[in-house]
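Here is a short briefing for someone meeting this structure for the first time. Please look through the sequence and the model before reading on.

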Amino acid sequence: MAMAAKHRASALKQQNKKHKVLGHRTKGQLTKANKGRVAISAQSRRAKKEMSREQRKNQMKQIRSQKREETMSQKRAVGTANNPPFLVTIVPLSLDINPRKVISALTSCDPEATTTTSAQGIVHLSSMRYKQRFSFIIPPVNDLYAILDSVKVSNTLMLLWPARDELEDAAELVLSSIMAQALPSTIHVAASMDDMAHKRKMQMRQRVVKEIESKFPGNAKLFTVENDQEAMLVLRHIGSQKQRPIFFKDNRPHMMAEKVEFEEKGPTGTLKVYGYVRGQPLSVNGLVHVPGWGDFQMSHTYLLEDPHPLERRGKSATMTNDEPQLIEEADPESQETLVSTNEVDPMEGEQTWPTQEELEEAEENVKPKPRTKRVPKGTSEYQAAWILDSEEDDNGEDEDEIDSQMDNSEFAPVDAMSQDGCEQEEEEEEEDEEEYETMTLPDPEGANYDDKYDYKEDMDALEKLRAARDDAEFPDEIDTPKDIPSRIRFQKYRGLQSFRTSAWDADENLPVDYSRIFQFKNFFHSKKRIMKEEREGALPGWYIIVHIQDVPRHLYDSQVTSQAPLVIFGLLPHEQKMSVMNIVIKSHSLGHYRPIKSKERLIFHVGFRRFANSPIFSEHSTGNKHKFARYFHPGTTVVASMFAPITFPPVSVLMFRERPDGAQDLVGTGSLYDMNPKRIVVKRVVLSGFPFKINRKSAVIRHMFFNREDILWFKPVELRTKWGRRGHIKEALGTHGHMKCYFDGQLKAQDTILLNLYKRMFPKWTFDPHAARPPPLYTFRTSGKAADSSDDENEENQPAKKARVVQFHNSGL
């Protein structure tokens, strides 16, 4: 008997949804399934740590009171009787403004205030009305470094705005540098509108307020000091405004020198610095850094009675004759050393330097010789410049030729009439000499232009611009060399399957310079531990004397000559040691008008330090490898890596480019990223070839290599095309560089085949701690001679100079 076939469901049978049994389970089944777990909604308020409405209100009240107390404690930490006074840096934004008038108005507005002046020119004001103390300092307006150093340690920045529609280029540079470095609490004062009519003054005030609002959003209040009431408002605002936190200043001890003395001891000496301790306690066993000078050790610290106390007028406000009390003496066993590297540079003793006589002789040869001209008496320099001197020169040459001809001639008749004529000519010449005088004139603009023109330097700059343009248009692409095999030219390069995920050992093939530096096991953990350590020494607010030992004499002489303010910073542990510094730099539109090549010498202001270095640039990207950037193009952001002293972030950074004449352009601003020697910066080289014959997925490629051995050497490296294809080298065809390649798709005739090679880049040891000061911001003339802006500081009511700015060195044009 045949069995009936079993029915099998077709693939097209309707599939219905299964019934949801979750909602039909009983409570007992759900309890058993949950196995004791409790739903979130069923948890108690205490278990969920929820607060009632009253508890939330109380918590917010406590947070507000805590923040208010912190703000008040920060305000009371400056300006009171037992704390350092408010340090106010006054920066005029034009040479037309006399800052001494502003200080005179502030010191005379309160009749009960006491005014004293320190040896460094700092004006101290003690106001019993506000029970606060103020210190006003005016750095040289022509010195950018002096302004930046003064702002680094200041509590308040007072900007004196001119009555002008737009700021000058020098003022723009000063403002941009200050804002990029670290901007303290700011107050704006209009100081050059006293002589204007009321209507004109209101119009100009609106323009200045609009300019301030564009640069300082939310802080566009403009003050004046035209009378005592307005000056008192300025003092009140300085003493009551919120202090802006600046990490590199608030977490390190620092001082503004009130008085400086030098005690010579052989080739070096001891620098004695008087001033108030600010920020953190200053320990004598630590190190101090003087911007532009370097790192030094201290030997003693002494406590003095405050020479500028908070007292009423009439009481003694001068320094007493009490002997200083010793606070600390350096302990050789616990004192920080100045050792910055692991080993000494072996080439240090083989460097030769020119002698002082050779330098002086070179400077004399460079100086232009003065030009003299014979002009009528009473002629000004402007009129003398229009008098042609070619006729005088020609006449002088003709007279010499005539004299020589007369001496060599055979006939020289002399008679009585000729003698009378000669006497008459001599009398006329004497009269002419009485009416004329000899004047020394500067070289006119454009004269001897070709003598100062360097054709080779101009052509080199043109080649650099062309190379930067080619790099921006064809990044990393280079031509395969024909005179040398590619396997030798690129023997230090390697191929990567993936730039992002392929492994690269950070400790592989390190250069010798890496054995000289220091490295943290965990940089940010070390920073956190150092910041939590308790510090001992001279407390903030004490007026002390710091003995800095082994200071070269020439540094002190340069400070006296420049009349720049002297500031010192105490260093945290390990901050004198060298490591690899990585800085994030953003292009600045003020001076970055052409690309900057990697390893070009630049000037860096990193927090309280400034130095010269030649960094390498890389892309600011994530991952463990970062692409090397040959150029820092305008409008981009890069990471600059270099050998530099350890500094704990956050720290602001300014980057300047130095011109051949010494002037500096602000080309970038940013911040310190980290101190990491293991940052892998990889340089990419792209070799390109072109399809010669195209099949379905294979093609014959040429012009990438020019011999068979190179093709076999680079055969394992993967190929890519500009249109997204991937492939590999199959075999070499012939002996002239043609090769057969396979790809994951058919090529286009206009496609380009690329082979990527990579090599790690390391920075060079080019750290120079002594960065040269730039030339003055302004060059101006008055009454036929050059004058310096510091002349305005000697007299309070000196009128503004009219014939002023002739050239601005730091413009980017």
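The notes below go topic by topic. This is a predicted model. Others take in an open sheet of seven strands and a set of aromatic pairs.

- The side chain of Arg-610 makes a polar contact with the side chain of Asp-149, at 2.9 Å.
- A polar atom of the Arg-610 side chain also lies 3.5 Å from the backbone oxygen of Pro-291.
- Leaving aside residues up to four places away in sequence, Arg-610 touches Tyr-145, Asp-149 and Lys-152, among others.
- Further residues touched by Arg-610 include Gly-292, Phe-604, Pro-769 and Arg-773.

**Helix α4**

- Helix α4 spans residues 144-152, and nine of its nine residues are buried, so the rest of the structure largely encloses it.
- Asp-149 is one of these buried residues, and Tyr-145 and Lys-152 are among them too.
- At the start of α4, a side-chain oxygen of Asp-143 comes to within 3.2 Å of the backbone nitrogen of Tyr-145.

**The seven-stranded sheet**

- The open sheet has the strand order β2-β3-β4-β1-β5-β6-β7, with mixed pairing.
- β2 (114-117) and β7 (222-224) stand at the edges with a single partner strand each, so one side of each has no neighbour in the sheet.
- On average, neighbouring strands of this sheet are turned by 30 degrees against each other, direction ignored.
- β2 and β3 run antiparallel and are joined by four bridges.
- Thr-115 stands opposite Leu-125 in β3.

**Aromatic pairs**

- The whole structure holds 20 aromatic pairs.
- Tyr-276 and Tyr-543 form an edge-to-face pair, 5.1 Å centre to centre with 75 degrees between the planes.
- This pair links strand β10, which holds Tyr-276, to strand β17, which holds Tyr-543; the two residues are 267 residues apart.
- Both Tyr-276 and Tyr-543 are buried.
- The ring centres of Tyr-514 and Phe-643 are 5.7 Å apart and the planes stand at 80 degrees, so this pair is edge-to-face.
- Tyr-514 lies in the loop between α15 and α16 and Phe-643 in strand β26, so the pair ties together parts 129 residues apart in sequence.
- Tyr-514 is buried, with a relative accessible area of 12%, and Phe-643 is buried at 0%.
- Tyr-514 and Phe-643 form one aromatic cluster with Phe-762 and Trp-765.

**Charges over rings**

- The charged end of Arg-494 sits over the ring of Trp-504, 4.2 Å from its centre.
- The charged end of Arg-657 sits over the Tyr-593 ring, 5.2 Å from its centre.

Terms used:
Residues are numbered from 1 along each chain as its sequence is written. This is a predicted model: local features need pLDDT of at least 70, side-chain atom pairs count only at pLDDT 80 or more; totals for chains, interfaces and linings use all residues. Side-chain values use heavy atoms; hydrogens and water are left out. A polar contact is a pair of N or O atoms within 3.5 Å; within protein, one must be able to donate a hydrogen and the other to accept it, and residues adjacent in sequence count only if both atoms are side-chain atoms. Contact means heavy atoms within 4.5 Å. Buried means under 20% relative accessible area, exposed over 50%, partly exposed in between (1.4 Å probe, protein chains only). Two strands pair if DSSP finds at least two bridges between them. Axes are lines fitted to C-alpha atoms, for helices over the stretch in contact, and angles run from 0 to 180 degrees between N-to-C directions. Rings of Phe, Tyr and Trp (its six-membered ring) pair if their centres lie within 6.5 Å; planes under 30 degrees apart count as stacked, over 60 as edge-to-face and the rest as tilted. A charge sits over a ring if NZ of Lys or CZ of Arg is within 6 Å of the ring centre and within 35 degrees of the ring normal.
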